[in-house]
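Here is a friendly briefing to read alongside the structure. Please keep the viewer open and follow the points topic by topic.

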Amino acid sequence: MASQNNYDAIVIGGGHNGLVAAAYLARAGKKVLVLERRHLVGGSTVTEEIYPGFKYSVLSYVVSLLRPEIIRELDLAAHGLELLPLESTVTPLPNGDYLARWADHDQTRRELYRHSPKDAEAYDEFGTLMYHLAFAIKPILAMVPPDPTSLNPGDLRSLVKLGNHFRGLGEEKLYSLIKLMTMSSADYLDEWFETEALKATMSASGVIGTFLGPRSPGTAYVLLHHYMGEIDGAFRAWGFAKGGTGGVSEAIASAARRFGAEIRTESTVARVIVENGRAAGVVLENGDDIRASVVVSGVDPKRTFLDLIEPGELPGEFVHAIRRFRIRGSSGKVNLALDELPELACLPGRGPHLRGAISISPSIEYLERAYDDAKYGGFSRHPFMDIIIPSMIDPDMAPPGKHVMSIFVQYAPYELDGGWNDARREEFGDAVIDTLSEYMPNLKDIILHRQVLTPWDMEREFGLTEGNIFHGELSLHQLFFMRPAAPWSDYRTPVRDFYQCGSGTHPGGGISGASGRLAARTMLEDM
Amino acid sequence: MSQRYDAIIIGAGHNGLTTAARLAKTGMRVLALERRETIGGALVTEEIHPGFKVDAACHQAGALHPGVISDLEQALGVAPEIVRCDPAVFAPQIDGRHLLLWRDPAATAESIAALSRSDAENAKPFVELATKAAGLLEAAYDQTPPDLLSVGASDLWSLVRLGGRARRLGKRDMMEVGRLLTMTVTELLDEWFENDLLKGTLGATGISGMFQGPMAAGTAYMLLHNRVGMDSGALRSTYRVHGGIGVLSRALGDLAQSCGAEIRTSAPVVRVTIRNGRATGVVLENGDEITADRVISNADPRHTFLSLVDPVELTPRFVRQVRNIKYRGACAKVNLALDTLPSFTSGEAAHLGGVVSISPSLAYLERAYDDAKYGDISQEPYLEAVIPSISDPSLAPHGKHVMSILVQYAPYHLKRGAWDQSTKDQLAEHAIKTLAQYAPNLEQIILERQVLSPRDLETDFGLTEGNIYHGEMTLDQLFFMRPVPGWARYRTPIENLYLCGAGTHPGGGVTGRPGYNAAREILKDVKRR
């Protein structure tokens, strides 16, 4: 049996974290095989031509959290990664006005001043504080969580280091950080601002991907999580990958291949082979069995531990912890092929605002009511939407003169009352288009094709359990050393030689690659 | 008038009286000044109709700090009688079924089993876990929160002791308890139980007095907070003071006086006098100035710093922190004088001695919150009603009863209109109509009703924004963050000015803990000089 040990490592799932882990393992000289269920790599980070000539960033659509050290260490630029900045956010308002934030600081200041001089003043101070806080959090994102209950010197050292790091922040930053970790984004922003649309649009980034409203405690942290955007070392920048988000996966895959990793698509792993308590390889759905010294899973914790491993191989307590891991999906995605450019009623014409994000988040109450619908099992009739028109930034995404539009929609509960089906999916799509048409009057006339993805579709097509884009909610009790379950947050699992590297591990969701990188480091230590 | 004291306490609420007694016991000259005619703050029993006495604001006793109980016993020979209600809770459901939570776990399990067998089985391990968590909280509640930035030797020692205590729980339970602290009460209860009525009735203790629904993170913590020091084997406990909660306030007043403290009622303080950055006394509404070596405020932090202290004495940053403390009162009181006992469509009269809880499901509670979130009174509110005259006939004329109802949610900040007679009537009608769905004769037997809106709670009892906890008990306002980060050790930026009320660690409830802890810190400073 041992002679069939073909690979040093098998990576289950060719999502961006799996690819990052594979690249780092291969870079260290290991013989690596990545197995991807779909016909292309990338997981949720893919570009697909769903309608002829139009390329959709099907699920994930912006890049900001990708760790600069990964870009550097894997030399992703050489593999075709090109990040284009996203320069503005415009929030159209029901009264026909709008609130905009631009790349140009003075322009943003003038615009905020128009709404509230007080907010214009506070905005800079707030931005500085967030910058420092995000900076303070950075080292934590790049560390393997210690076990706080352990007396082992390594863990203790890590804990003391962590304690000193926090104390070194000084009073104001330390307490602000604690408040961010515990408050709702609405309450947190209420302490700073008065303009409803500003608070709502900022809060919106605090609720993206969570099943919480802006008034739910815990959402302020997600606000910070999104503030940590960093492109090529430029902090707080949001961007868009040339060729769509699939461009990111392609670049990482190319780097992994260059280091010698082998990537197989349309290879569905059915289960992990465990022998004498150690992972020894995987069995594919077609019955093939492939052996390796170690196996690492990039799929979410539920799939990893409840589907791919025989339950008998895991301690009952651990299985219980994974079962209750919260992973409720809350969002949907609508991708449109457009015959021409849509026009915003509040800002007519082909302005620079169409090269940025358009946020449908006029007030905290609007977002909170959207959440209320979902809380009781419906999708939002007037949802929060985060919209970009990728073809304005990268013309190759659509035929000349035509456009693609990416609409992130919240809330759409996985557990829809009566369940999701084709009819309900279209109803959901209609609610999105109807709401958006209030702000873009020409929208309905220019749609050539529409793709609607519900959490149910995300689960079926992309393997995201319950359609959760973060592989598990980013609530306080599911972060750091609790992610996905204490004390298995160091990328190891109760099965020897079996590891996890997906977003269900610290530091969580977003196209950051941090989980993949840290997992590879842990594996290389053990190997 | 030449009056000089070692310490002046502003407000004779139960925490102020606790501090007064502890300080006076060491021989200090202590004066407690109360704005109202009666002492006790929110713990008062009032006659709302001839012969009908009701606990106007707070209508449940909590678990008093054991030190306060022993002080009472030593000084008075006997502490006020705490009635441990049995059943603790009667929760009716619209279909005529009901849930009874008894002091005896076996009896409770029997009642739950009629709704769900598996829930009946899970009750015991749930109580065990919750009790462990509450035990750990209790240990933390006895301590002054450490200053995170400059942990002194004594802090370090108490932290190590606390850590040791946590470690004794064992690795698994320690992680489990840590997890609970940040969860929502809905998540917590969904992990353990399936029956809606049971989950609603347990979840209610996670939102009581909070401007949060059961789907808000931190509400699981609140459930645990409400268990600290209570019956360890029961799912819920209801304590009441025999004779009304005012008896407890009077006993604490007697205790303080027997230790040598002086108490003056109808003596509102309008200002703390400050010289060279030190508190030197207070000025009363009538213009009298009384000097003291130190001033201790039992009023809530916002009232203390923004009304009683001249803002020039504080840094703008501190003032901003105080302004940002969240109060947002969430509940109102409806107190009724009743001609006879209300008859519920299910259960027996003997079941009504504890809390009558209208909490059919967590979704019901969340919907009640939804209304308030947008500034409206709950159409179908969460209700916590007590009928103390059942076990204590002295509270009402023979055969008649008093009922006190905590009504939630009643937002302090109404979106439409203000808290006037008509909105108060509307609130009372929602509450009575809701309760009448379970006790149909209710509307016919009301002799008198008293409604206290959040604004009344503010005006009558000095509770800012009507918040019964002197500041929300949310995760960002607890422990070393209470009342504001950096000032959680009962001291304030003004030398010789202290806080001792529920706005400080460990927060609200009838426990005397903030007052007890504050006295300990003040005495440390006294000794140092």
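In chain B, take the contacts between residues at least 6 apart in sequence: 74% of them join residues at least 24 apart. For chain A, residues 24 or more positions apart account for 72% of the contacts with a separation of 6 or more. Please bear in mind that this is a predicted model.

**Chain B as a whole**

- Chain B contains 16 helices and 18 strands. Its radius of gyration is 22 Å, close to the 24 Å that the globule rule gives for 529 residues, so chain B is as compact as a globular protein of that length.
- Along the principal axes, the C-alpha atoms of chain B fill a box of roughly 65 × 60 × 50 Å.
- Of the 529 residues in chain B, 64% are buried.
- The accessible surface of chain B is about 18700 Å², and carbon and sulfur atoms hold 51% of it.
- Chain B carries 55 positive and 60 negative side chains, with 7 Å between the centres of the two sets.

**Chain A as a whole**

- Chain A has 18 helices and 20 strands. With a radius of gyration of 22 Å, close to the 24 Å that the globule rule gives for 527 residues, chain A is as compact as a globular protein of that length.
- The box filled by the C-alpha atoms of chain A is roughly 70 × 55 × 50 Å along the principal axes.
- Buried residues make up 65% of the 527 residues of chain A.
- Chain A exposes about 18500 Å², with 48% supplied by carbon and sulfur atoms.
- Chain A has 52 positive and 68 negative side chains, and 4 Å separates the centres of the two sets.

**Domains**

- In chain B, domain 1 is built from the segments 4-82, 245-326 and 467-528, while domain 2 covers 86-237 and domain 3 covers 328-461.
- How many residues does each side bring to the contact between domain 1 of chain B and domain 3 of chain B? Domain 1 of chain B gives 22 residues and domain 3 of chain B gives 30 residues. The C-alpha centres of these two domains of chain B lie 29 Å apart.
- The contact between them involves 18 residues of domain 2 of chain A and 14 residues of domain 3 of chain A.

**Helix α17 of chain A**

- Helix α17 of chain A runs over residues 455-462, and its buried residues are Pro455(A), Asp457(A), Met458(A), Glu459(A) and Phe462(A).
- Which elements do the buried residues of α17(A) pack against? In chain A they meet the strands β3 (47-51), β15 (331-338) and β19 (447-453), along with the helices α11 (301-307) and α15 (422-437).
- Gly463(A) follows α17(A) and has a positive phi, near 70°.

**Strand β12 of chain A**

- Glu275(A) belongs to strand β12 of chain A, which spans residues 269-275. Glu275(A) is partly exposed, at a relative accessible area of 28%.
- Glu275(A) and Phe211(A) are 64 residues apart along the chain, and their C-alpha atoms are separated by 39 Å.

**Backbone geometry to check**

- Most residues other than glycine have a negative phi, and most peptide bonds are trans.
- The peptide bond between Gln410(A) and Tyr411(A) is cis, with omega about 20°. Tyr411(A) sits in the loop between β18 (403-410) and α15 of chain A.
- A cis peptide bond also joins Arg483(A) and Pro484(A), with omega about -5°. Pro484(A) is in the loop between α17 and β20 (498-500) of chain A.
- Asn276(B) has a positive phi, near 50°, and lies in the loop between β10 (269-275) and β11 (278-284) of chain B. Is Asn276(B) buried or exposed? Asn276(B) counts as exposed because its relative accessibility is 80%, and the cut-off for exposed is over 50%.
- Tyr490(B) also has a positive phi, near 70°, and is placed in the loop between α15 (454-461) and β18 (497-499) of chain B. Tyr490(B) has a relative accessible area of 1%, so it is buried, the cut-off being under 20%.

Definitions and conventions: Residues are numbered from 1 along each chain as its sequence is written. Chains are lettered from A and ligands numbered from 1 in the order in which they are written. Side-chain values use heavy atoms; hydrogens and water are left out. Helices (H or I, at least four residues) and strands (E, at least two) are DSSP runs, numbered from the N terminus. The radius of gyration is taken over C-alpha atoms; the globule rule is 2.2 Å times the number of residues to the power 0.38. Buried means under 20% relative accessible area, exposed over 50%, partly exposed in between (1.4 Å probe, protein chains only). Contact means heavy atoms within 4.5 Å. Accessible areas come from the Shrake-Rupley method with a 1.4 Å probe; for residues, only the protein chains shown count as cover. Lys and Arg count as positive and Asp and Glu as negative; His and the chain ends are not counted. The place of a charge is taken as NZ of Lys, CZ of Arg, CG of Asp or CD of Glu. Domain bounds come from an automatic or database domain assignment.
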